[in-house]
Amino acid sequence: MGNKHPSTAADVIGEYVADQVRVIQEREPQVRVDHPDSVHKMRVATRRLRSTLRTFQDVLDTQRTDPLREEIKWLGEMLGGPRDAEVLKDRLGESLEELPPEAILGPVRERLTNELDARHAQAHAELLEALDSRRYRDLSDALHDLVDHPPFLPEANHARRKTLAPLMKAATQRVTRRWDAAQCAPEMQRAALAHEARKKAKAARYAWEAVADVFPGGSDSAEAWEAVTEVLGTAQDSVVARERLTELAHVAEKSGEQTFTYGVLYARELTHQGDAHESADAAIVAAVKASQTATGR
């Protein structure tokens, strides 16, 4: 947007939105050739953009932004396939390296590498099809229009701090409601509800990134919410890893291979998830405190 000193909520949000759109556009050529970390960068930009349109919807024309959010979600899901395979390969590979040699029975390393490389290749091929589609071209046009003709309501042109403070408070409250529900839920439901809390924490993190310069301590709040998303991300990654380990163990068993090591890795992931959930509560308390301090409660 080019504003060095944004004075209204529209200025602040518009600048952040334009930054994310630019990342999506600039990363596309790298994503097509599977350049290292390009999928991750583009995916994060889609998440930030979609989250921003949701968090600040009270000052946006939702007739324009709601359909766009759905298309951004689709793009994020397409980017998620190859990215998730990359993350899982690195995570399980590192975990395997930490095991003593006597705990590795059978061609576990080879199966992990081959299976996850195959998943990545297939997901990237599907991503390329999506990027070549009419749907993606329409989305690209809509993103250009989002920047060129921002969909702000009149109230977005009011003083930035007064307009944004209640929206930031609401973002914080959405996290605490989800986390409280997860804490009170039966054990079988806890992981799913914690994942919902993580989504809301990401929204709070991205919102604070967008308004970091508006509030005293805004950057501290963004960092605090980043810590929350990291610890809850570890827990969710553990859930996904266990699902994949179960699948791989079944495939290995059908091939006549030993499955002991998959069980060892599974148990380690359970421990990682438990440790992360224990750490999350303190991280959320700290993030809420930082947000309240920044907004003056």
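**Entry 1: class make-up of the largest pocket.** I sorted the lining of the largest pocket by class and recorded 13 nonpolar, 13 polar and 24 charged residues. I note that the model is a predicted one.

Entry 2: I looked up the volume of the largest pocket, which is about 1700 Å³. I then asked which of its 50 lining residues are the closest to the centre. They are Arg43, Arg47, His195, Arg198 and Lys202.

**Entry 3: elements around the largest pocket.** I listed the elements that give two or more residues to this lining: helices H1 (9-32), H2 (38-55), H3 (62-97), H4 (108-131), H6 (160-184), H7 (187-210) and H8 (218-254). I also asked which element supplies the largest share of the lining. That element is H3, with 13 residues.

**Entry 4: the second largest pocket.** I turned to the second largest pocket and noted about 350 Å³ of space in it. I counted 13 residues in its lining, and those closest to the centre are Glu187, Arg190, Ala191, Gln273 and His277. I found that H6, H7 and helix H9 (260-295) each give two or more residues to this lining.

Entry 5: I looked up which helix gives the most to the lining of the second largest pocket, and recorded H7, with five residues. I sorted this lining by class as well, and it has six nonpolar, four polar and three charged residues.

**Entry 6: elements in both lists.** I note that H6 and H7 are named among the contributors to the largest pocket and again among those to the second largest pocket.

Notes: Residues numbered from 1 in each chain as written. Predicted model: local features only at pLDDT ≥ 70, side-chain atom pairs only at ≥ 80, totals over all residues. Heavy atoms only, no water. 1 Å grid on protein atoms, 1.4 Å probe; cavity = no way out; pocket = protein on both sides within 12 Å on 5 of 7 lines; lining within 4 Å. Points joined across faces, edges and corners; volume = space filled by probe spheres on them. Helix = DSSP H or I, 4+ residues; strand = E, 2+ residues; numbered from the N terminus. Nonpolar A, V, L, I, M, F, W, Y, C, P; charged D, E, K, R; others polar.
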